[in-house]
Amino acid sequence: MAILVCGGAGYIGSHMVAALLEKGEEVVIVDNLQKGHREALLGGKLYVGDLRDRSFLDKVFSENEIDSVIDFAADSLVGESVNEPLKYFENNVGGTVSLLQAMRDHNVKYIVFSSTAATYGEPERIPIMEEDKTFPTNPYGESKLTVEKILKWCDNAYGIKYTALRYFNAAGAHISGNIGEDHSPETHLIPIILEAALGKREKVMIFGDDYDTKDGTCVRDYIHVMDLASAHLLALDRLKMGGESRVYNLGNGEGFSVKEVIEVARKVTGVNIKADMAPRRAGDPAVLIASSEKALEELNWKPKFNSLETIIETAWNWHKNHPKGY
Ligand code: UFG
């Protein structure tokens with residue numbers, strides 16, 4: 001039996017494919033390669049196409065014995081989603097609805113869905129628990145929360161069991177150094193800092209130093225991409241053992257400010273990375289830290305790369321060896 005990974009050529013998806021291959025699983029990948037990279041795939045059977053294309057999906061499900069799905073395929077830029085909400089609802093919601101229709105029609109009963117901390121919006125308390133209020137402050141988060149709700153009704157009607165994993169700040173790269181983060185344009189903090197270390201940009205702009213935090217800059221919970229992948233493996237196993245549908249946060253439960261991240265990156269790279277202050281970026285909550293107690297307990301998840309230094313070291317290893325990306 002095969003596991004279908006949608007969006008498997010993207011940043012997190014490609015690390016998922018690597019983890020599945022290491023486990024000896026048969027992997028089928030669907031990716032439209034708009035953002036993903038063929039070179040990010042260390043194996044598996046790739047179908048290039050879009051989730052919104054039902055006949056394409058029928059072909060994928062007919063040609064392979066798929067028993068479960070892990071879905072990463074989505075647009076994921078918060079800022080862009082504010083300016084182009086319909087793009088996000090069409091792709092993120094429409095794509096997953098089409099995928100669920102195909103699962104229903106081909107009798108596939110398990111899905112692990114890539115969700116986000118952006119489903120919470122401005123948090124009501126720290127650390128954030130799964131049952132806290134979800135009030136997204138951008139269409140990206142709204143699109144993911146909408147899919148979570150759709151999943152609930154598909155479980156109810158068709159018996160499709162799901163796990164929605166709400167990631168905090170995914171970071172780092174595969175320990176082998178062969179795959180890593182390659183976005184264009186890059187908007188995420190750690191790769192931007194490392195591009196500055198490589199001389200690809202002059203400096204890092206710190207978006208706001210007047211937040212109510214330890215040093216005035218935003219605090220985030222960085223989680224290694226391989227630890228995210230291991231949580232998906234556990235979530236899938238749990239569903240296959242008869243587990244009920246669930247939602248879990250995935251983070252390390254520790255917050256680092258933008259200034260702290262830059263400082264650790266200076267230490268790891270040995271480069272005196274330049275940084276300058278800039279105005280706040282619209283829509284950034286001051287602090288986002290996960291409580292991942294539920295995943296640690298119920299999935300028996302044990303993040304292995306949980307120090308920020310290790311996260312940045314693995315990312316640096318990738319960026320240094322692939323300065324132009326894939
Ligand atoms: N930042 C800077 N300078 C930069 C880039 C980022 O100061 O050049 C700051 C941001 O303002 C933020 C922090 O670094 O405070 C982290 O920013 P990222 O863009 O790396 O990550 P976000 O926290 O904005 O986004 C992440 C995920 C999104 C998810 C969101 C939930 O990447 O997919 O968390 O709020 F939606």
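1. Let's start at the ligand: one of its oxygen atoms has a polar side-chain atom of His188 3.0 Å away. For Arg281, a polar side-chain atom lies 2.6 Å from a ligand oxygen atom. On its own the ligand has 690 Å² of accessible area, and the protein covers 91% of that. Accessible areas here come from the Shrake-Rupley method with a 1.4 Å probe, and for residues only the protein chains shown count as cover.

2. A quick word on what you're looking at. This is a predicted model, where local features need pLDDT of at least 70 and side-chain atom pairs count only at pLDDT 80 or more, while totals for chains, interfaces and linings use all residues. Residues are numbered from 1 along each chain as its sequence is written, and side-chain values use heavy atoms, with hydrogens and water left out.

3. Who else is around the ligand? There are 20 residues around it, and Leu189, Met205, Arg220, Arg281 and Asp284 come nearest; a residue is near if one of its heavy atoms lies within 4 Å. By class, this shell has 12 nonpolar, five polar and three charged residues. In that count, Ala, Val, Leu, Ile, Met, Phe, Trp, Tyr, Cys and Pro are nonpolar, Asp, Glu, Lys and Arg are charged, and the others, Gly among them, are polar. β8 gives the most to the shell, with three residues. Helices (H or I, at least four residues) and strands (E, at least two) are DSSP runs, numbered from the N terminus.

4. Next, the inside of the protein. The largest nonpolar core has 31 residues, and Leu20, Ile70 and Leu250 touch the most other members. Such a core is a set of buried Ala, Val, Leu, Ile, Met, Phe, Trp, Tyr and Cys residues joined through side-chain atoms within 4.5 Å. Elements that give two or more residues to this core are β1 (2–6), α1 (11–22), β2 (26–31), β6 (161–167), α7 (225–240) and β11 (246–250). Of these, α7 gives the most, with eight residues.

5. Which residues does Ile70 touch? Setting aside neighbours within four places in sequence, Ile70 is in contact (heavy atoms within 4.5 Å) with Ile3, Leu4, Val5, Cys6, Met16, Leu20, Val112, His232 and Leu236.

6. Have a look at His224 and Thr314 together. His224 lies in strand β10 (residues 222–224), while Thr314 lies in helix α10. Are they buried or exposed? His224 is buried, with a relative accessible area of 0%, and Thr314 is buried at 7%; buried means under 20% relative accessible area, exposed over 50%, and partly exposed in between (1.4 Å probe, protein chains only). Their side chains make a polar contact at 2.9 Å. A polar contact is a pair of N or O atoms within 3.5 Å; within protein, one must be able to donate a hydrogen and the other to accept it, and residues adjacent in sequence count only if both atoms are side-chain atoms. A polar atom of the His224 side chain also lies 2.9 Å from the backbone nitrogen of Met226. Not counting residues up to four places away in sequence, Thr314 also touches Gly172, Ala173 and Ile175.

7. Gly141 sits in helix α5 and counts as buried, at 0% relative accessibility. Beyond its neighbours within four places in sequence, Gly141 is in contact with Thr116, Ala118, Thr119 and Pro136. Gly141 and Val78 are 63 residues apart in sequence, yet their C-alpha atoms are 7.8 Å apart in space.

8. Finally, check the backbone. Most residues other than glycine have a negative phi, and most peptide bonds are trans. A cis bond joins Ile126 and Pro127, with omega about -5 degrees, and Pro127 is in the loop between β5 (110–116) and α5 (139–158). The bond from Ser184 to Pro185 is cis as well, with omega near 0 degrees. Asn107 has a positive phi near 60 degrees and counts as exposed at 56% relative accessibility. Asn300 has a positive phi of about 60 degrees, and is partly exposed at 48%.
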